[in-house]
Amino acid sequence: MSTTSSAAGVAQQQPASAGRGKGGRTKVARSERARDEARLGWLLAGPAFVVMLAVTVYPILQAIYDSLFSYRLTAPDDKAFNAGHNYVVVLSDPLFWQALGVTTFITVVTVVIELVLGFALALVMHRAVKSLRGVLRTAILVPYGIITVVSAFAWFYAFDINSGFVNHWFAWLPGIDENLNWFAHQGTSLFVIIASEVWKTTPFISLLLLAGLAQVPTELEEAAQVDGATWWQRLRRVLIPNMKAAIMVAVLFRALDAFRIFDNVFIMTNGANNTDVLSLLAYRTSIGRLEIGLGSAISVLLFLCVIGICFAAIKLFKVDLAGARGES
Amino acid sequence: MSTRLKVGWGVITVLVLVYALFPVLSIFATSFKLPSELNLGTFWPGTWTTSNYDQILTGSAKDLFLPALRNSIGISLIATFIAVVLATLAAYAIARLDFPGKRLILTTALGVSIFPVISIVTPLFNLWRSIGLYDTWLGLIIPYLSLTLPISIWTLAAFFRQIPWELEQAAQVDGATSWQAFRKAIVPLAAPGVFTTALIAFFIAWNDFVYGISLTSTSAARPVPAALAFFTGASQFEEPTGAIAAAAVVVTIPVVILVLLFQRQIVSGLTQGAVKG
């Protein structure tokens with residue numbers, strides 16, 4: 001790369017020192033160089049940008065378009081514009097509201113559990129002595145590396161009435177005996193689904209919180225300790241307020257991720273016993289039953305829900321995504 | 001450290017290890033059970049057998065499992081490679097140059113990463129069928145970019161921001177040509193970040209399930225997670241539990257080894273990309 005971009009790189013490290021040209025360069029030269037840099041910047045970053053748009057914007061536009069037609073692949077010639085009738089059908093279907101309810105329930109419960117558990121794990125990793133730190137961090141990364149489908153099978157087989165050992169191990173607990181079929185009821189199915197989701201994704205939230213913890217100045221905590229604050233007081237008054245941004249980002253990301261839940265539900269119940277989630281409903285409608293019009297409508301509604309969650313998080317909780325991510 | 005503290009940390013470490021490893025152990029144990037022992041409700045197999053592994057690697061289920069393994073490796077590697085090349089160029093520009101639209105690119109990456117996969121897959125299913133990409137490698141590689149590219153851009157941009165780019169100038173002052181300066185001073189600093197990003201992107205591609213089950217129909221392109229879900233037993237009376245568990249272990253072990261080897265890099269990559277940006 002040329003010296004031009006080296007100088008630009010230096011200038012970029014101090015965004016406050018306005019503008020490009022240092023010393024006595026003329027305005028013309030400066031703007032010319034800025035133009036060169038903009039051109040090179042887009043030349044390098046453009047392909048990635050175009051690919052990202054192509055793989056998301058195009059499909060969502062197509063989905064919006066398809067959602068306006070009565071369109072079944074089993075009868076492709078009957079494709080006809082039906083002016084939003086698909087949305088009326090979907091929104092007046094109790095199945096949709098059931099799936100939305102279950103999805104929301106799973107999202108809220110997993111995020112709450114993961115926040116508490118993830119924070120506890122982050123504190124453990126943060127405080128652990130050096131010799132243990134590596135072991136703990138490695139162990140916590142294992143669930144992250146395991147594919148969701150494998151984790152779903154592991155949990156499914158553990159609880160399954162035929163091959164499972166959970167019923168035998170926990171038969172002493174009230175409500176559990178050898179004949180308990182976890183996947184025959186909504187509540188118990190959701191329990192296992194949520195447990196597997198929590199197990200698989202807590203490492204991510206816990207690593208984000210660990211990074212947040214590392215950014216809290218140690219002097220603050222030490223000062224509180226000197227002032228005689230208890231562990232709990234230090235946690236509530238010093239640590240948590242100082243890592244609010246990291247917590248918010250972690251919660252938002254996990255919420256958006258949990259809202260798209262699909263793999264474990266597909267493997268464990270495939271939506272039986274009122275455990276259907278939105279992604280599964282969309283999948284079954286469009287790819288299972290080939291109702292492209294209706295399936296697209298559900299896809300668009302799911303997309304709108306995700307945007308809604310983002311918007312609510314940014315407005316209500318004032319999550320500054322870019323800011324919290326350090327982008328200035 | 002006091003003994004009480006030592007014991008306390010010992011207990012905590014064991015708890016964390018059990019939490020993190022238990023489901024892995026449980027599927028590992030299942031994969032070594034004889035069919036007759038599967039329904040006994042025990043955790044460990046009474047007699048350890050490799051018959052489930054024989055079945056998926058050389059036996060009756062090898063035509064289901066081996067092509068899926070090949071597809072998963074090939075498709076994930078290619079999707080990772082493309083994402084990392086494109087993201088390296090973009091992240092270099094973001095970290096190094098000042099141009100209008102930098103923020104737009106990062107925001108777009110953020111937007112793409114929260115996009116519900118199912119909203120992409122319905123239109124692609126229809127389009128791929130009509131243009132012949134359904135059930136092909138390319139038909140999965142393209143949508144996989146929606147998973148691998150955004151995180152690659154964020155992670156690499158975070159890595160590249162920390163590189164002291166002045167080094168390059170210093171090398172030039174010492175008489176290196178611009179290419180030499182870039183290669184000798186910057187590439188060695190950037191390589192670990194690129195490698196870590198590739199690893200994370202590969203995990204994400206390897207984990208995909210929705211695209212895998214929606215955009216493929218045969219062993220021509222079906223990746224492992226989808227193949228596991230559609231696995232059926234040797235006969236309709238035999239549950240494929242043992243074979244699925246064995247296949248799950250085979251696809252998990254390499255990933256766990258990678259995690260163990262590169263845990264330090266993965267942690268820094270994940271957290272920097274996500275928190276520090």
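**Note on a predicted two-chain model**

1. Start with the pairing of the chains. In chain A, 104 residues are in contact with 107 residues of chain B; contact means heavy atoms within 4.5 Å. This is a predicted model, in which local features need pLDDT of at least 70, side-chain atom pairs count only at pLDDT 80 or more, and totals for chains, interfaces and linings use all residues. Residues are numbered from 1 along each chain as its sequence is written, chains are lettered from A and ligands numbered from 1 in the order in which they are written, and side-chain values use heavy atoms, with hydrogens and water left out.

2. Now the interface area. The size of an interface is often given as the accessible area lost when the parts come together. Chains A and B bury about 9400 Å² between them. Carbon and sulfur atoms carry 73% of that area. Buried area here is the accessible area (1.4 Å probe) that two parts lose on being put together, summed over both. The salt-bridge count between the two chains is 0. A salt bridge is a side-chain nitrogen of Lys or Arg within 4 Å of a carboxyl oxygen of Asp or Glu.

3. Chain A overall. Chain A has 15 helices and 2 strands. Helices (H or I, at least four residues) and strands (E, at least two) are DSSP runs, numbered from the N terminus. Of its 328 residues, 52% count as buried. Buried means under 20% relative accessible area, exposed over 50%, and partly exposed in between (1.4 Å probe, protein chains only). The accessible surface of chain A is about 14900 Å², and 64% of it belongs to carbon and sulfur atoms. Accessible areas come from the Shrake-Rupley method with a 1.4 Å probe; for residues, only the protein chains shown count as cover. Among chain A contacts between residues at least 6 apart in sequence, 65% join residues at least 24 apart.

4. Annotated spans. An unreviewed UniProt entry places "transmembrane region" at residues 40-61, 95-123, 135-159 and 292-317 of chain A. UniProt positions are in the numbering used here, feature names are shortened, and annotations may be inferred rather than shown by experiment. In the model, residues 95-123 of chain A are 100% helix and 0% strand, with end C-alpha atoms 41 Å apart. Residues 135-159 of chain A are 92% helix and 0% strand, and their end C-alpha atoms lie 28 Å apart.

5. A surface patch. A:L53, A:V57, A:L61 and A:I64 make a nonpolar patch of about 310 Å². Patches are made of residues with over 30% relative accessible area and no salt bridge: like charges are joined within 9 Å, nonpolar side chains (Val, Leu, Ile, Met, Phe, Trp, Tyr) within 5 Å. A:L53 sits in helix α2 (residues 27-66) of chain A. A:L53 counts as partly exposed because its relative accessibility is 32%.

6. A buried serine. A:S206 lies in helix α8 (residues 186-214) of chain A. Its relative accessibility is 0%, so A:S206 counts as buried. Leaving out residues up to four places away in sequence, A:S206 touches A:G118, A:L121, A:A122, A:M125 and A:I140.

7. Chain B. Chain B has 12 helices and 0 strands. Its C-alpha trace spans about 75 × 70 × 35 Å along the principal axes. Of the 277 residues of chain B, 55% count as buried. B:T148, in helix α6 (residues 137-161), is buried, with a relative accessible area of 0%. Beyond neighbours within four places in sequence, B:T148 is in contact with B:A79, B:A83, B:A201 and B:A205.
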